[in-house]
Amino acid sequence: MAEPVELRKSAIAWLKERTSDGLEPLTREDILDFTYQGEPFVLQSTQQGIRKPRDFEAALSFQTVYRPPGQKRPYEDDIGADGLIRYVLRGDNPNHPENRGLRQAMELQLPLIWFVGVAMVPARFQVVSPVYIVREEVELKRFALAPVNETDMLPEMMTGSAMEESLRRYLRRETKIRLHQPVFRSTVLIAYENHCAVCNLAHPQLLDAAHIVPDREEFGIASVVDGMAMCKIHHAAFDGCFLGIRPDHVVQIREDLLDEVDGPMLRHGLQELHGKRLMALPKRNAERPRHDLLEKAFERFRSKAVDGVA
Ligand SMILES: [Zn+2]
């Protein structure tokens, strides 16, 4: 019979490899490809949120389903200012077997796998692993989690109030890199079906999830409506105000660039897009860019573009 600790390690290593270190989302079918010692082994629960295999002392994985903006999620998985992620207990009973499974993982300091939903139909998940439960916030019926490898840091984190500022910074950075950024990227790229909103280019390796308003202070994961899929050149052109997007989804190129004479990138990649409508947008209205953010970004574009924009 499979030895749980070895199996757990092997599953985490397999997922790391399979997702290019947490970047690529997986479908349920992809996740079913995992085998241990030649036998298929199920890593993800189909029904409930938490998977605790029979021979395991503690939970192995848990999941959060994707809900488009505006739809209520079954759980509120929030991120606190301390950089720790909050995962709300299942149901009202803290001693539900699934909650016990997570608590056990905390007590044994075992690494967990978190499947974060980034799309429905077909369901796709970003894999965040390993993730550790740092403490239980009993009154609030939730666990505090951290996506860090260094289990030796955990006792220090357990104390909560004594958490050092440098540790908080480290946690916020890790959470951003291992959770926020990949989840944001995947939800945006999936919503735009891997197309640049501006030019329709369809190669994910050449695409980014651009924030519509870049320097907004966020503690949570940016929503799909905060971003747009853009190719590398249009992302940089948008951030640098070479290119603006009117709130009615029409592309504007900075006026002085329209008179410049240069090669095909300037001509086809920028000048010819002036006045054109965006070429790709999410099918679902709820996933389209937030109007107020587009207005704010366009205001910034207008103020930076020296000659102004019609
Ligand atoms: Zn583009």
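Q: Phe-62 and Tyr-87, buried or exposed?
A: Phe-62 is buried, and Tyr-87 is buried too. Keep in mind that this is a predicted model.

Q: What geometry does the aromatic pair of Phe-62 and Tyr-87 have?
A: Edge-to-face. The centres are 4.7 Å apart, with 65° between the planes. Phe-62 sits in strand S5 and Tyr-87 in strand S6, 25 residues apart.

Q: How many aromatic pairs in total?
A: The count is 6.

Q: Why is the pair of Phe-115 and Phe-125 edge-to-face?
A: Their planes are at 75°, so the pair counts as edge-to-face; the cut-off is over 60 degrees. The ring centres are 6.4 Å apart. Phe-115 has a relative accessible area of 0%, and Phe-125 has 2%.

Q: What lies over the face of Phe-242?
A: Arg-254, at 5.0 Å from the ring centre.

Q: Now the metal. Which residues coordinate the zinc ion?
A: Cys-196, Cys-199 and Cys-231 through SG, and His-234 through ND1. Distances run from 2.1 to 2.4 Å.

Q: Why is the arrangement tetrahedral?
A: Because the 4 donor atoms subtend angles of 94 to 121° around the zinc ion.

Q: How are the donor residues spaced in sequence?
A: As C-x2-C-x31-C-x2-H. Cys-196 is in the loop between helix H5 and strand S10, while His-234 is in helix H6, 38 residues apart. Both Cys-196 and His-234 are buried.

Note on methods: Residues are numbered from 1 along each chain as its sequence is written. This is a predicted model: local features need pLDDT of at least 70, side-chain atom pairs count only at pLDDT 80 or more; totals for chains, interfaces and linings use all residues. Side-chain values use heavy atoms; hydrogens and water are left out. Donors are N, O and S atoms within 2.8 Å of the metal (3.2 Å for Na, K and Ca); water is not among the atoms, so sites may look incomplete. Four donors count as tetrahedral if all angles lie between 85 and 135 degrees; four count as square planar and six as octahedral if opposite donors are over 155 degrees apart and all others between 65 and 115; anything else is irregular. Helices (H or I, at least four residues) and strands (E, at least two) are DSSP runs, numbered from the N terminus. Buried means under 20% relative accessible area, exposed over 50%, partly exposed in between (1.4 Å probe, protein chains only). Rings of Phe, Tyr and Trp (its six-membered ring) pair if their centres lie within 6.5 Å; planes under 30 degrees apart count as stacked, over 60 as edge-to-face and the rest as tilted. A charge sits over a ring if NZ of Lys or CZ of Arg is within 6 Å of the ring centre and within 35 degrees of the ring normal.
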